[in-house]
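Here is a friendly briefing to read with the model open beside you. Please have a look at the sequence and the structure before going on.

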Amino acid sequence: MRQEKNQWNTKVLAVEKELSKPRYRKIMDAITIGFFIFVIIGPIINIFSTVFVSWDEIQSSVFNDSLTGDLQWQIMGTALIRSFCIAGLAVVIDLIIGLPMAILLTRFEFRGKNFLDAMVDLPLAIPTSALGFSVYLFWGSPSGIAGLFGLDVGFFSPGPMLILITHVIFTYPFIVRSLKIVLQETPKVYEDAATTLGAPGFTVFRTITSPLVKEGIIAGVILAFARSLGETGATIIVAGLYETAPLVIVKMRRALDIPAAAFLSMILIGICLVLLATIKFLSRRVGFPLKKIWPTGERFLSKPFFRKARNILAVVIFIVFIFITSMFILTYVFQPQDPPLWEELYGADLKWAYLWTSLMNSFLIGGVTTLIVMATGIPMAFIIVNRKWKKVNSLLDTLIDIPLAIPSAALGFATFMFWGPPGLNIFFPGFWLIVWVHVAFTFPYMIRPVISIIQKSNKGLEDASRTLGASNLTTFRRITLPIIKNGILAGAIMAFARSLGETGATLVVMGDVRTIPVIIVDWVEAQAMGSAAFASVIIILFAFVLLLILRYVSKPRRVLNA
Amino acid sequence: MKNIPEIRLEHIVKRYRGEGGLNDVSLTIQDGEYFTLLGNTGGGKTTLLHIIAGLVKPDAGQVLFDGMDITKKKPYERNLGLVFENYALFPHMSIDENISYSHRVKGYDPQETTQISREFQHMLRLYDREKAIPSELSGGMQQRVALGRALMNMEGSGILLLDEPFKALDAGLRMNLRVEIRNLAKSEKLKLTVIHITNDMTEAMMVSDRIALIRDGKIIQIGTPKEMYYQPASLFVAYFFSDTVYFPGIVATVEDSSYSVIVAKDVAFKVDNPITKFQPGDGVVLVVRNDYFKIYAEPVSSEDKDNILTGKISSIKFMGPFIRFSVILEIGFLIAVDIASTHGVREKFPEGQNVWLTFNPKKAFLFPDPGEEKLKELYFEI
């Protein structure tokens, strides 16, 4: 028995040794990069070339339509301006309310800190269409906050105000998270040093902390801005007639106005690429006028009273505006409704069966997507960290972030143009095209945690294993994999959660397949509020479970820190 | 010219979940004294320093400067210089900006600030580097910048706190800087009160006027380097300050202040004038420094010498200035003795040689027996 097992082990080791030869590594690298270029970069380049090639067609439909003239162009322009205003305002508000929260979570110790930290991440887990619906119910309908004041209409009707609130909420965790990370990475000892040198708290923040973290802040802000610019699912629910750019893409795609959709997608993608490039290359050169020092006023502002006030305000604003608003939907399901929920679900149009199929679709798409991004993302992470290709690594490192920045509806449309009927004609709108788009936009979510854990891990361990006689692949299996396991798990959960919650990209490529976020949109549009809320609650609960697992998995362990 | 205060700590208590807490620490540091807090990592040294600087609030107790209670004062109101373990130079500021930071945040006259900053740079031999950023400097230069930055913030206090200032430096550089920093502190111009943290006994002995040995949040002993070395108050202090050999035993007789201690069957050692007094029958530990032994290759008469041990050399290590012999004693102990490596020592004492060891009864220490467990723990811990 032992003999047999040993033989098996010997075979495995022999195969691993063979596969560790450089040529197999090259093949693997080629496949990985090839996949990345085809699935993620290809569609984006394609959309630029499509616009260029079919410029005449675009010109005639966008700028010189025989009936409407340049109406399309005017719609696009308005939508773009609106998107920019909303994104800009949302990010500024987030920065104001998020910075104190990030400081509270990194520089103070108090009871319930971990709990607050988990709560801040919540809006990240909620699918945006469910979040949008929750915002609508809370601020925009009589069953929400208006009901408390005895009003029979909501505070705000669907339109810019609700969009702004929604965008503030879903970008909030992005901002707080990135601020938290840079604050954590900045050793507190610099602040201590400044304090002993006579600088009161406020001066310390202005002269020491903020210059050290400003690059991180700028990166976080731009990322949140790009996310807001590209959001579809939540916006579509609270927008009413006020259309932002991604909504216009969805509408044009639905109306089969392909050239116009391609043109707007290209513009949005272009803008977001510029933003991404700005993060990568320019953030180091941005300077704030921080040199000047104003002792007296800052000493006053550094008093404990102000510090306490700031901390309390950060928590109160978070709970009232972010937390309660996004959780409100959970209470809504339990409110008595007319018609009652179960009647609506079991009605003639078979909503229950529909809900069930969509749920299955969502999980299946999420699962398949996660498997594909794992299989392709992990080798990519190793290429970026370990290969010594000089500029190529850092180029790839930048490129993998593209899906984070560009609107998912535009990415979806680009994928449709590349892989679908207008392009290679390999996939038709439906299950596989949805999977393909989801692979594209979940790719960075999968790969980032893996990269960071590989970078943190001790290279000496692998070298040690190799000097002890293990081939590269054996080393990977026995040493590297156990160390980076949690990073992979974290990435996989993030990818799965993102796939589960995506609306915009799915809307563009779905054909007649439906996922949960999409039926939420459908049902809200059909005024089936109870069913929409029920579907939202189901998906939110799943997302919470995922978030809890994620937090558990990404907790630092003793073993990994050794 | 300067009004240097005396620093007094009274019954300081700080509780932490892990290591590093303080348990009722009181001490007084005189004007212009170079005072060292010595102890192992996690003993509470840094916590104590941070309490003096105001970065950590004590759970109980008071910090007094010249009799004034400043326990509640913010760190930025204390005007003392703290050099951090890894210097904590602001990475985004130039050398000049780092050094002059304290004057700038207090809104002092810019021209005067620049001038004072230049003076300090000159004094610390930082020539023409005011525009450089910290990461462009060598470790030694970074340390001088950190020192300059701390010195700038000491007007009216003259208190300099050093948190393991030489830890990040090469061994050779460390030696020179120890002398340099002490000279600086004692110079007519500055006349500083220094509190210096280290876990290096030699460093503490070299620079200090007085040393406080801290362990598990308690001060074990305070004294001048000589006192710590020649009159250790406990087994721990004796062991911390030098390599020692110990024999557990029982006091047999006491005559005047000469003790006879039985350490094995039919073997008794004589100890004169121990610091602590004992009664016959008390359990004790007899401690002798490794380098207090004399070694002979031929039998020694008990009429010439007290405290004779016989044994056999089991191994030899050449340590430079001395040779360390491991000797298996007839009474069953394995001990290490250090003998100055003068000419011919090696040839005279080869491995396997039978030897006779003696030590002076005046130079042995007696401490109460903490029990075998404690003894082992102590000797293995360090």
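Predicted model: local features only at pLDDT ≥ 70, side-chain atom pairs only at ≥ 80, totals over all residues.

Residues are numbered from 1 along each chain as its sequence is written, while chains are lettered from A and ligands numbered from 1 in the order in which they are written.

**Helix packing in chain A**

- Helix α2 (residues 22–53) and helix α17 (residues 351–386) of chain A have axes that come within 9 Å and cross at roughly 110°. Helices here are DSSP runs of H or I with at least four residues, strands are runs of E with at least two, and both are numbered from the N terminus. Axes are lines fitted to C-alpha atoms, for helices over the stretch in contact, with angles running from 0 to 180 degrees between N-to-C directions.
- This angle makes α2(A) roughly perpendicular to α17(A). Under 35 degrees counts as roughly parallel, over 145 as roughly antiparallel, 65 to 115 as roughly perpendicular, and the rest as oblique.
- On the α2(A) side, Met28(A), Asp29(A), Thr32(A), Phe35(A) and Phe36(A) meet Thr376(A), Pro379(A), Met380(A) and Ile383(A) of α17(A). Contact is called when the C-beta atoms of two residues, placed from the backbone, lie within 7 Å.
- By class, six nonpolar, two polar and one charged residues make up this contact of α2(A) with α17(A). Ala, Val, Leu, Ile, Met, Phe, Trp, Tyr, Cys and Pro count as nonpolar, Asp, Glu, Lys and Arg as charged, and the others, Gly among them, as polar.
- Helix α5 (residues 113–125) of chain A packs with helix α15 (residues 304–332) of chain A at about 45°, the axes being 10 Å apart. That makes α5(A) oblique to α15(A).
- From α5(A), Met119(A), Val120(A), Leu122(A) and Pro123(A) meet Phe318(A), Ile322(A), Phe323(A) and Ser326(A) in α15(A).

- Five strands of chain B form an open sheet in the order β15-β19-β16-β17-β18, with antiparallel pairing. Strands pair if DSSP finds at least two bridges between them.
- β15 (293–296) and β18 (334–340) of chain B stand at the edges with a single partner strand each, so one side of each has no neighbour in the sheet. From one strand to the next, the twist averages 45°.
- Five bridges link β16 (residues 308–318) and β19 (residues 354–359) of chain B, and Thr310(B) has Trp356(B) as its bridge partner in β19(B).
- Seven bridges join β16(B) to β17 (residues 322–329) of chain B, with Ile323(B) in β17(B) as the bridge partner of Phe318(B).
- The hairpin of β16(B) and β17(B) has three residues between the strands, and Gly320(B) takes a positive phi near 95° there.

**Domains and chains**

- Chain B is divided into domain 1 (7–235) and domain 2 (242–381), with bounds from an automatic or database domain assignment. Their centres, taken over C-alpha atoms, are separated by 39 Å.
- Five residues from domain 1 of chain B and seven from domain 2 of chain B take part in their contact.
- Between the chains, the contact takes 18 residues from chain A and 19 residues from chain B. The largest share of the chain A side, seven residues, comes from α9(A).
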